[in-house]
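Let's take a friendly walk through a protein, one part at a time. Have the sequence and the 3D view ready.

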Amino acid sequence: MAPPARLGHMELALSEARSAAARGEVPVGAVLVNPAGEVVAVAGNRTRELSDPSAHAEMLVIREAAGKLGSERLIGHDLYVTLEPCPMCAAVISFTRIRRLYYGAPDPKSGGVEHGARVYSHPTCHHRPDLYPGLGEREASDILKSFFADRRQD
């Protein structure tokens, strides 16, 4: 049985995704929560703003939390993200030992969890977070579709 997901955490991630879209970034948001259920870090994509192709929402919250905690491991932490993580982010999630990964929309084109590289299915993957896809999927998908539809019209 899946642990109870905190919809408020995904709502916060969705808010970060909307903020990213308003900045012209691909609308992805992430929230990292400690074992007590407290929010440690929130972020939206900032790849364009920072001229950093690794500045994905997941990477930003992981960097912030690791810095706050003074540790490269985030054991017991849960990550909420609006889109299936790419292979880069999936690998970093594994390296940090994040306990649970909740994500909204699947990413058949660039995902690295259930699509594409399927990082956690490889025997060389040392840590696999518990996966809970589909939380807030409809809203996350709608935000992404709207963002890209607007770009095609420009």
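Which residues touch the most other members of the largest nonpolar core? Keep in mind that you are looking at a predicted model. The core has 42 residues, and the ones that touch the most other members are Val61, Leu79, Leu101 and Tyr120. The element that gives the most is α3, with 6 residues.

Now pick out Leu79. Leaving aside neighbours within four places in sequence, Leu79 is in contact with Ala30, Val31, Leu32, Glu58, Val61, Ile93, Ile98, Arg100, Leu101 and Tyr102.

Next, find Asn34, in the loop between β1 (29–33) and β2 (39–44). Is Asn34 buried or exposed? Asn34 counts as buried because its relative accessible area is 16%, and the limit for buried is under 20%. A polar atom of the Asn34 side chain lies 2.9 Å from the backbone nitrogen of Ala36. Setting aside neighbours within four places in sequence, Asn34 is also in contact with Val40, Gly76 and His77.

Finally, turn to the surface. Here Leu12, Val39 and Val42 form a nonpolar patch, and together they have about 190 Å² of accessible area. Leu12 sits in helix α1. With a relative accessibility of 31%, Leu12 is partly exposed, because this class lies between the buried limit of 20% and the exposed limit of 50%.

Technical notes
Residues are numbered from 1 along each chain as its sequence is written. This is a predicted model: local features need pLDDT of at least 70, side-chain atom pairs count only at pLDDT 80 or more; totals for chains, interfaces and linings use all residues. Side-chain values use heavy atoms; hydrogens and water are left out. Helices (H or I, at least four residues) and strands (E, at least two) are DSSP runs, numbered from the N terminus. Buried means under 20% relative accessible area, exposed over 50%, partly exposed in between (1.4 Å probe, protein chains only). A polar contact is a pair of N or O atoms within 3.5 Å; within protein, one must be able to donate a hydrogen and the other to accept it, and residues adjacent in sequence count only if both atoms are side-chain atoms. Contact means heavy atoms within 4.5 Å. A nonpolar core is a set of buried Ala, Val, Leu, Ile, Met, Phe, Trp, Tyr and Cys residues joined through side-chain atoms within 4.5 Å. Patches are made of residues with over 30% relative accessible area and no salt bridge: like charges are joined within 9 Å, nonpolar side chains (Val, Leu, Ile, Met, Phe, Trp, Tyr) within 5 Å. Accessible areas come from the Shrake-Rupley method with a 1.4 Å probe; for residues, only the protein chains shown count as cover. A salt bridge is a side-chain nitrogen of Lys or Arg within 4 Å of a carboxyl oxygen of Asp or Glu.
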